[in-house]
Amino acid sequence: MTASPTALPDFMALRPVIVGAGPAGVRAAEALVAAGLRPMVIDEAARWGGQIYRQPPDGFQRPKRALYGFEAGKADALHRAMGGILPAVDYRPRSLVWNIEAGALDVTCDGRSETVPFSHLILAPGATDRVLPFPGWTTPGVFTLGGSQVALKFQGCAVGSRVLFLGTGPLLYLVAYQYAKAGAEVAGVLDTARTADQMRAVAGMLRDPATFAKGLYYVGWLRAHGVPMHSGVRPVRVEGDGRVEALVWRRGDREERTVCDAVAFGLGLRPETQLADLAGCRFRFDAMDRAWVPERTAAGRTSITGVYVAGDGAGIAGADAAEMAGERAALALLEDIGHSFDAARAAHLEERLAASARFRRALTDAFPFPADWAASVPDDTLLCRCEEITAGILRQAARDGAAPEINRMKALTRVGMGRCQGRMCGAASAELLAQALGTGPDGVGRLRGQPPVKPLPFSAALTEEEVSS
Amino acid sequence: MIERLDTDVAVVGGGIVGGSAALFLTRMGFKVVLLERDWCGAKASGVNYGGVRRQGRPPEQLPLSQRSHAIWGQLPSLIGIDGEYVRSGHLKLARSEADLESLVAYNRKVAEFGLGLQVFAGAEFRARYPILGDRAVGGSLCPEDGHANPRIVSPAFARAAAKGGAVVREQTPVDYVERSGDRFVLRSGDALEVRARFLLNCSGAWSGRLAESFGESVPLTSAHPCMAVTEPIPRFLDVNIGVEGGGVYGRQVERGNVVIGGGRGFALDADRARPARNAVLTLMGEAVELFPELRHTHVIRTWTGVEGYTPDRNPIIGPSATTPGLFHAFGFSGAGFQIGPAVGEALAELVRDGRTSAPVDAFSITRFAKAEPALGVAASTGH
């Protein structure tokens, strides 16, 4: 064999694939394109932007300022970034990765399935709301915070005309503010965190004064506009026959009732990790996220060579961090294939990501997870909506000693076995099981992933002829 | 410090065979220690398709299978739950005239066992089963066969044994075993030592190693049948469906989910396997062809397991040829769920009486005496 004197790695023969076109995915794609690669970008949404910078459908006319508020500039920059590189990427919108096997993804689009080989994979699948059940939480009119925000951003509609916001985290105040600005009546903002938590965390949050100031602004604005705000709250029950009519809640021993026609609630976010699981990545328990996340280096490398994670899907860090992590992962990919890359930029990004992680820790202190909630869920409250499993069924199995671990619990009770495959109920099941067994949330194991990541239509298995017939 | 247990019978493997053996032995008054490396009923016994059928088994399995049929009829009194067991009937479909002929031939071959098989074809078949697609030309119904939920049935056997007094240890792999004097000595790391007069090898796909440590090598291979389940849909299928010659099988549970199976997964490691993409897509295609009703539904979950297969697809059941007091029961080749409880009962009889009331001679481990241990993965087999 003779080596050609100009032998350079054939970068164009590589097939880098990015899953997710939110802040992390777009910045990763941008960095790869800048290096002359042509990545494939697969995204479930019809247009890029992710959840936070979700774009309305074609023909919707609301201005970015109204859609994204303070973040309009960032949203616009991200949208433009992707718009600018579109000719240089293989962009696959409305596409769901449902399986990863042997160096290839299985992707459904419009009901058809295609197998897509990859040489390198950057996973940026984002996050969903973390929810815990409470009596009446399945009543029509109860939405997740993220879902309420999507309704506003994507379709320009509110989930109700008098909406009560419940839960904790920065999103709670942001969405309440966005709803009020959009003209909906905000019945109140009920934070499970205590004022004392927030006071204690002020020093840490001042690490990012701009973000902190925005948070203060939302709170101040809501207060100035007469929105009732309470902290240290726990929900008691949703009232309403077939539709939300009120939320009964308590602070300490005092119960109150707030009339509303919709409740938006969420307790922070949970990372979407099934794809990293199917890719074979090693996981570790993250105490701050109270979730299992793929092991990763500061650069975003996982335990599997050629597989990178970035953004909230790698551990909750927010949109700004996601942009940096996406770019950083792309630089790691470039380094790994022997391509030139900007090492100084990589170091700079890592520094900023570390700072952002410190701010995130302060946020966790300010909006702590209500660890006592799981114990207070009544036995007859639905825990797993898909399979209609109550908290009591899980607790009984835990008491029987037959299910000391979450996968065993799933096998014996069906919790997490339905359409959502535990994406919605998994965090709650782990919290309730841990509480029932008296262990921490890290003591009940990790729900194992299986394809399909989301329900797979039978049409995926049919030929074109069979589909149209 | 190592914990030491003295017992009459040590059972290795807490699947449906080991669990029911422990249960029947406990009922006979034996002291039993059951050791399970994972969770009881978490492997092939708990993740199989859930068919509870006699139809299609070779005649030599039918005496045991008939015994099991009677045991399945008393499930609640035995293990405390009904396990979602229903005698829905098992309909084996023919997709060609030749397949229909083999169904008729099978019917004749097993006539003496009184399975009550009924063969339908043509217009009568169509009228009876309008929900089936056009591919099937006829079928053979075993009205008293059915299906159950293996996830809850199989662990319940070991649990019932424990309730009856058996010592059941999960997460306890056996990594050392020897015969010492008139006792078997088993160890799990430096945590547990069990001494027993009798040893039952019921560890499914992992049984080969234990057999080998007593000088009995068996050409056992592992394979991973692929299964999938749909979202719940309105009830349309009230019979457990199989296909002559293998391929695809399906049943609908009370909640409305349709469980389908066919094809193979691949091993992630010795303990775990995952369905292969091609198997999933092929299975879905074949299932829609069989059940047009599925056309606009979704698969919400796929899975597989690790199962031990023998070259002749018959299990190994009975005494060891080298070591008195050792009994084997494994290699069920994807068809152990229905027959499992009767095999457990037969093992208990072997321990107590040295013989069984249902013949197991055809399943002797000696039939592979000259065979070389096979490597790799078993070929596809009918279900």
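Let's start where the two chains meet: 26 residues of chain B and 23 residues of chain A make up the contact, two residues counting as in contact if their C-beta atoms, placed from the backbone, lie within 7 Å. This is a predicted model, in which local features need pLDDT of at least 70 and side-chain atom pairs count only at pLDDT 80 or more, while totals for chains, interfaces and linings use all residues. Residues are numbered from 1 along each chain as its sequence is written, and chains are lettered from A and ligands numbered from 1 in the order in which they are written.

On the side of chain B that touches chain A, the elements giving two or more residues are α7 (150–163), β17 (273–275), α9 (277–290) and β18 (298–303) of chain B. Helices (H or I, at least four residues) and strands (E, at least two) are DSSP runs, numbered from the N terminus. By class, this side of chain B holds 14 nonpolar, five polar and seven charged residues. Here Ala, Val, Leu, Ile, Met, Phe, Trp, Tyr, Cys and Pro count as nonpolar, Asp, Glu, Lys and Arg as charged, and the others, Gly among them, as polar.

Strand β18(B) also pairs with strand β23 (residues 456–457) of chain A, in the antiparallel sense and over two bridges; pairing requires that DSSP finds at least two bridges between the strands. In β18(B), V299(B) stands opposite L456(A).

Now for chain B by itself. It has ten helices and 21 strands, and its C-alpha atoms fill a box of roughly 65 × 45 × 40 Å along the principal axes. Its radius of gyration is 21 Å, which agrees with the value near 21 Å for a compact globule of 383 residues; the radius is taken over C-alpha atoms, and the globule rule is 2.2 Å times the number of residues to the power 0.38. Of the contacts in chain B with a separation of 6 or more, 74% join residues 24 or more positions apart.

An automatic or database domain assignment sets the domain bounds, dividing chain B into domain 1 (3–50 + 151–219 + 312–368) and domain 2 (90–143 + 225–304). Four residues from domain 1 of chain B and seven residues from domain 2 of chain B form the contact between them.

How confident is the predictor? The model scores ipTM 0.92 and pTM 0.94. Chain B averages a pLDDT (the predictor's confidence in each residue, from 0 to 100) of 94, with 96% of the residues scoring at least 70. Over residues 373–383 of chain B, the pLDDT is below 50.
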